[in-house]
Amino acid sequence: MAKARHSRLDCTPGCAVEAAISLIDGKWKAVILYHLQDGPVRFNELRRRAGDVTQRMLTNQLRELEADGLVEREVFAQVPPRVEYSLSERGRSLSPIIAALKAWGDANMDLFGRRRTV
């Protein structure tokens, strides 16, 4: 059963940020959006580009992104069936944010090698 999406978005300070983050939360959604910026991509190519994502996780994340209107899925009537994923207009509007996340990650890559000790 799918998790309830956007169930608690109140009008407290930061709710717009909470709403935006809820659309791209999770380990793989921003990665998927990044790899779709250059145009339509087939499922297996997207899986290769994303790296360690499982087929099930990629499918679930793509379904959520599609349900939220950020990704479009196009099925071509041919044998074997071909499916391509691309950014919707709303998904393309996230491109500057995804680019900023990439730039920040590139500039702070040294943080990712460290282990937190608490």
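How many bridges pair β2 and β3, and in which sense, parallel or antiparallel? In this predicted model, these two strands pair in the antiparallel sense over six bridges, where two strands are taken to pair if DSSP finds at least two bridges between them. Because the model is predicted, local features need pLDDT of at least 70 and side-chain atom pairs count only at pLDDT 80 or more, whereas totals for chains, interfaces and linings use all residues. Residues are numbered from 1 along each chain as its sequence is written, and side-chain values use heavy atoms, with hydrogens and water left out.

The protein contains six helices and three strands, these elements being DSSP runs numbered from the N terminus (helices are H or I with at least four residues, strands are E with at least two). Along the sequence, they follow the pattern α-α-β-α-α-β-β-α-α. Of the 118 residues, 28% count as buried, a term that means under 20% relative accessible area, with exposed meaning over 50% and partly exposed lying in between (1.4 Å probe, protein chains only). Among contacts (heavy atoms within 4.5 Å) between residues at least 6 apart in sequence, 44% join residues at least 24 apart.

The three strands form an open sheet in the order β1-β3-β2, with antiparallel pairing. Since β1 (41-42) and β2 (71-76) stand at the edges and have a single partner strand each, one side of each is left without a neighbour in the sheet. In general, strands of a sheet pair through backbone hydrogen bonds, either parallel or antiparallel. Strand β3 (residues 82-87) is joined to β1 by two bridges, in which R42 has E84 as its partner and V41 has Y85.

As a general rule, most peptide bonds are trans.

When neighbours within four places in sequence are left aside, L62 is in contact with I32, F43, L46, V71 and Y85. Q61, which is placed in helix α4, counts as buried because its relative accessibility is 8%. With neighbours left aside in the same way, Q61 is in contact with D25, G26, W28, K29 and I32.

The largest pocket is lined by 15 residues, among which V31, L101, K102, G105 and F112 lie nearest its centre. Here a pocket is an open set of points on a 1 Å grid over the protein atoms alone, where a 1.4 Å probe fits and protein lies on both sides within 12 Å along at least five of seven lines, and lining residues have an atom within 4 Å of a point. Helix α6 (95-107) and helix α2 (29-35) each supply at least two lining residues, and α6 gives the most, with six.
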